[in-house]
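Colleague: Can you walk me through this one? I'd like to start with the interface and then look at side chains.

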Protein chains: 2
Amino acid sequence: MITLYDLAVEGDRRPSPFCWRTKFVLKHKGLAWRDEPMGFTEKEKIAFAQSQTVPVIHDGAKVVKDSWAIARHLDEAYPNNPLFADETALSHARFIAGWVDSVVQPALFPILVGDLYDRVRPVDQAYFRESRGKRLGTTDFAAFQKTAREKGVAAFRTVLEPARRVLKEQTFLAGKKPAYPDYALAGSFLWAHIASPLILLEADDPVHAWRERMLDLYDGMGRTAKVA
Amino acid sequence: MITLYDLAVEGDRRPSPFCWRTKFVLKHKGLAWRDEPMGFTEKEKIAFAQSQTVPVIHDGAKVVKDSWAIARHLDEAYPNNPLFADETALSHARFIAGWVDSVVQPALFPILVGDLYDRVRPVDQAYFRESRGKRLGTTDFAAFQKTAREKGVAAFRTVLEPARRVLKEQTFLAGKKPAYPDYALAGSFLWAHIASPLILLEADDPVHAWRERMLDLYDGMGRTAKVA
């Protein structure tokens, strides 16, 4: 049995975008797993993996940290329903994961940070305040988020343009069926969806229709997640 | 024999990023072609294609406009060395072409526009001044470019981050061998390379090493192009 260490916030909500990638990958591969929730400051729970961040998995004797390394490991260890069947699939996944990490996540963080802070477990608030405060140069997350949203929501929609162009033409970023590129981007939308009531997308945006499909995927795994 | 209508500027330089995509595709497919140079205002040359822009190709009786449509046509008509062998290859190419069109090209245009204007054929300068002037809100392209470069070169390097992450891990965006994703991005670099002496990349950037490989490709087709 695989154990997944998954970030938990107040009310046992599970917002981590990178843990969502792993959950989609596990479902894609048809693998069952056991969840191990972990608060921001319970880092001793993943010390065995020499990791400061989740996801971390325990797969039998094997310990793997980092969502990309976990996907590569699972795809090698369990050949069923390959994610990276060839170099092209690997290259495509790598580009989109890098795009999400370097462009999409940074566009979302400032417009969500106040809502994220409100939902962190009380015991983790000081940690969140210090670590995120250092990144943003302020700990008044509510005010920062309010200002950021003035231009940030429109900017976020613009950032999605490369995905939008693809999703005008096809059902998923990976083609007719979802694969790692979809899971990488969906992780960020799940993060936003679980942490904040903010309306990110216009109803007629092809990305909106795709997000609905991603929420429905795997028996509505995303849709039934506890939200803000 | 295929005829390619290719944008020509002063000194018969060929800067069009979208025509470069087509030239790479033709080489990839092992196809010979005849060039038909065309200035910005010689639109009557491509009127037969109901197109205002190049590339346009004449392939026997078939006329195709738009670099993406041309690539799709050539890949179907000539099955050798497929560009889009499966849905994954098509999805990957679509995403990266959309990313280049919506992010990379707009990041390059303001920092190149003065140099581009200087290299347009004298007879095409009025057309360029009017059409690009409308887009930028000024026709003092030299001043606009100078201001744009203050932050624009660094911003352009940041924009390349998703490509950089892939190129740290593999030789080409498509994997071990180049394919449409590489041609889409290389077209923009050829555009810059041919139109401007501006140094865009730092020497230790993995994108720089990749660009060198792209310039060398197909007997140095890019490297031997007439430059600014």
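This is a predicted model: local features need pLDDT of at least 70, side-chain atom pairs count only at pLDDT 80 or more; totals for chains, interfaces and linings use all residues.

Colleague: How many residues of chain A are in contact with chain B?

Modeller: 25 residues of chain A are in contact with 25 residues of chain B. Contact means heavy atoms within 4.5 Å.

Colleague: And what area is buried between chain A and chain B?

Modeller: About 2200 Å², with carbon and sulfur atoms giving 63% of that. Buried area here is the accessible area (1.4 Å probe) that two parts lose on being put together, summed over both.

Colleague: Which elements of chain A touch chain B?

Modeller: Helix 3 (87-119) and helix 6 (161-167) of chain A each supply at least two residues of that side. Helices (H or I, at least four residues) and strands (E, at least two) are DSSP runs, numbered from the N terminus. The largest share, 13 residues, comes from helix 3 of chain A.

Colleague: What is the make-up of that side by class?

Modeller: The side of chain A that touches chain B has ten nonpolar, seven polar and eight charged residues. Ala, Val, Leu, Ile, Met, Phe, Trp, Tyr, Cys and Pro count as nonpolar, Asp, Glu, Lys and Arg as charged, and the others, Gly among them, as polar.

Colleague: Give me a few. Where do A:Glu161 and A:Arg164 lie?

Modeller: Both lie in helix 6 of chain A, three residues apart, about one turn of the helix. An α-helix has 3.6 residues a turn, so residues three or four places apart point the same way. A:Arg164 counts as buried, at 11% relative accessibility. Buried means under 20% relative accessible area, exposed over 50%, partly exposed in between (1.4 Å probe, protein chains only).

Colleague: Now chain B. What do B:Asp115 and B:Arg149 do?

Modeller: Their side chains form a salt bridge, 2.8 Å from N to O. The pair links distant parts of the chain: B:Asp115 is in helix 3 (residues 87-119) of chain B and B:Arg149 in helix 5 (residues 141-159) of chain B, 34 residues apart.

Colleague: Buried or exposed, for B:Asp115?

Modeller: B:Asp115 counts as buried at 10% relative accessibility, while B:Arg149 is partly exposed at 22%.

Colleague: Switching to rings. How many aromatic pairs over all chains?

Modeller: 33. Rings of Phe, Tyr and Trp (its six-membered ring) pair if their centres lie within 6.5 Å; planes under 30 degrees apart count as stacked, over 60 as edge-to-face and the rest as tilted. B:Phe24 and B:Tyr218 form a tilted pair, 6.4 Å centre to centre with 50° between the planes.

Colleague: Where do B:Phe24 and B:Tyr218 sit in the chain?

Modeller: B:Phe24 is in helix 1 (residues 17-28) of chain B and B:Tyr218 in helix 8 (residues 206-220) of chain B, 194 residues apart. B:Phe24 is buried, with a relative accessible area of 0%. B:Tyr218 is partly exposed at 24%.

Colleague: Last topic, helix 2 of chain B. Which residues of helix 2 are buried?

Modeller: In helix 2 (residues 67-77) of chain B, they are B:Ser67, B:Trp68, B:Ile70, B:Ala71, B:His73, B:Leu74 and B:Asp75. These pack against several elements of chain B, including helix 1, helix 3 and helix 7 (180-195).

Colleague: What caps the N-terminal end of helix 2?

Modeller: B:Asp66 caps that end of helix 2 of chain B, with a side-chain oxygen 3.1 Å from the backbone nitrogen of B:Trp68.

Technical notes: Residues are numbered from 1 along each chain as its sequence is written. Chains are lettered from A and ligands numbered from 1 in the order in which they are written. Side-chain values use heavy atoms; hydrogens and water are left out. A salt bridge is a side-chain nitrogen of Lys or Arg within 4 Å of a carboxyl oxygen of Asp or Glu. A polar contact is a pair of N or O atoms within 3.5 Å; within protein, one must be able to donate a hydrogen and the other to accept it, and residues adjacent in sequence count only if both atoms are side-chain atoms.
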